[in-house]
Amino acid sequence: MNPADLLSAMKRTVEQLAAFNEMAKALTSTLELKEVLNLVMQKVSDLLHPRNWSLILQDERTGKLYFEVAVGDGAEALKSLQILPGEGIAGTVFSTASARLVDDVGGDPAFAPRFDQASAFRTRSILAVPLIARGRVLGIIELVNGPKDPPFTQDDLTTLTAIADYAAIAIENARNFRRVQELTITDEHTGCFNARHMRSQLEHEVRRSQRFHHPLSLVFLDLDRFKNVNDTHGHLVGSALLKEVGELLIASSRQLDMVFRYGGDEFALMLVETDPDGAMTIARRIRDAFRARRFMQSHGLELRLTASLGVATFPDHARTATDLVRAADFAMYAAKAQGRDEVCLAERMPPDPNVAPPAR
């Protein structure tokens with residue numbers, strides 16, 4: 001190796017070591033998955049300069065692979081696509097847990113052209129490395145160059161493998177942290193948020209409502225005669241029924257709303273920036289969804305179940321988060337008193353004497 005090449009190689013090594021050191025510090029400074037992924041992909045860009053690159057992860061529910069991050073020509077078109085394990089070069093890397101360095105995909109039978117077709121890009125060379133943590137493949141980092149770009153090298157493979165080692169550990173840590181967080185705020189039986197999380201979120205949203213003068217509504221829901229289900233079919237069926245109720249409520253709510261299991265067979269929905277009319281519309285829609293549903297069909301049963309719902313809005317019916325819970329709860333019991341399977345709105349509060357009326 002001549003002196004110029006040696007100097008260039010040493011410079012590259014120093015840059016890599018510095019980048020790895022920075023990445024290690026950055027990745028251990030956060031447990032937020034999005035931040036981890038952005039840091040990883042930024043280092044890929046800084047060190048390897050590929051034309052296109054992506055970070056592909058496995059959906060833990062379906063087992064399929066998806067483009068968590070995609071950068072470069074036609075990248076947006078890739079984000080809606082999924083990859084089966086074993087499909088294409090990325091899927092092969094995932095299935096075999098072995099990196100692939102392909103100089104020309106035209107001669108590789110594993111190459112799947114449908115991704116080029118979707119992104120309107122012509123791939124020539126690919127470098128793909130698995131993300132492995134505790135012996136399990138989490139996903140792949142894949143680099144792609146076109147016909148006019150230089151092919152990837154063994155040095156690139158070494159560098160990307162080192163990045164993937166850091167990234168896999170950081171992704172696994174971030175996922176574990178997220179799972180722990182979810183366990184502390186989620187009701188394990190229904191998948192809804194728990195009452196503790198409701199109290200903290202309600203305090204936060206009431207303060208936000210006061211600051212920005214937006215309404216905040218709370219819907220309280222109690223299942224009608226739920227005890228009869230437990231008495232007739234047993235507590236296992238009762239627990240499974242509560243899970244179905246949670247799924248129905250989550251499916252019936254908007255993306256920005258939050259669904260909570262308040263306790264027993266009581267649930268609550270927090271409706272951000274929703275006035276009494278809007279909250280009543282949502283509550284009636286939920287009541288009607290209960291009326292139309294036949295529960296527990298997957299267990300060979302067809303149970304009918306109704307619910308009584310109470311609606312309260314800040315600041316119309318309460319001045320504090322605690323008062324809002326109380327108002328929605330009282331409205332729910334008013335629905336019970338009317339014969340169940342009803343929706344009631346809380347009584348409006350008298351004007352606050354400490355607040356001046358708006359100027360005319």
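Between which strand and which helix does the loop that holds Gly107 lie? Gly107 is found in the loop between strand S4 (100–102) and helix H5 (114–119); helices (H or I, at least four residues) and strands (E, at least two) are DSSP runs, numbered from the N terminus. The model is predicted, and local features need pLDDT of at least 70, side-chain atom pairs count only at pLDDT 80 or more, and totals for chains, interfaces and linings use all residues. Residues are numbered from 1 along each chain as its sequence is written, and side-chain values use heavy atoms, with hydrogens and water left out.

Gly107 has a relative accessible area of 69% and is exposed (buried means under 20% relative accessible area, exposed over 50%, partly exposed in between; 1.4 Å probe, protein chains only). A distance of 10.0 Å separates the C-alpha atoms of Gly107 and Arg124, which are 17 residues apart along the chain.

An open sheet of 6 strands shows mixed pairing in the order S7-S9-S10-S8-S11-S12, where two strands pair if DSSP finds at least two bridges between them. Strands S7 (193–194) and S12 (343–345) stand at the edges with a single partner strand each, so one side of each is left without a neighbour in the sheet. The pairing of S12 with strand S11 (residues 307–314) is parallel and extends over 3 bridges; Gly310 has Cys344 in S12 as its bridge partner. Helix H11 (residues 321–337) lies across strands S8 (216–223), S9 (258–263), S10 (266–272), S11 and S12, and runs at about 145° to S11. Contact means heavy atoms within 4.5 Å; axes are lines fitted to C-alpha atoms, for helices over the stretch in contact, and angles run from 0 to 180 degrees between N-to-C directions.

Cys344 is buried, at a relative accessible area of 7%, and Cys192 is likewise buried, at 1%. Across the whole structure, 0 disulfides are found (pairs of cysteine sulfur atoms within 2.5 Å).

The structure contains 4 aromatic pairs (rings of Phe, Tyr and Trp, the last by its six-membered ring, with centres within 6.5 Å; planes under 30 degrees apart count as stacked, over 60 as edge-to-face and the rest as tilted). Among them, Phe193 and Phe260 have ring centres 5.9 Å apart and planes at 45°, so the pair is tilted. Because Phe193 belongs to strand S7 and Phe260 to strand S9, this pair ties together parts that are 67 residues apart in sequence. Phe193 is partly exposed at 26% relative accessibility, whereas Phe260 is buried at 0%. Phe290 and Phe295 also form a tilted pair, with 5.8 Å centre to centre and 40° between the planes; both residues are buried.
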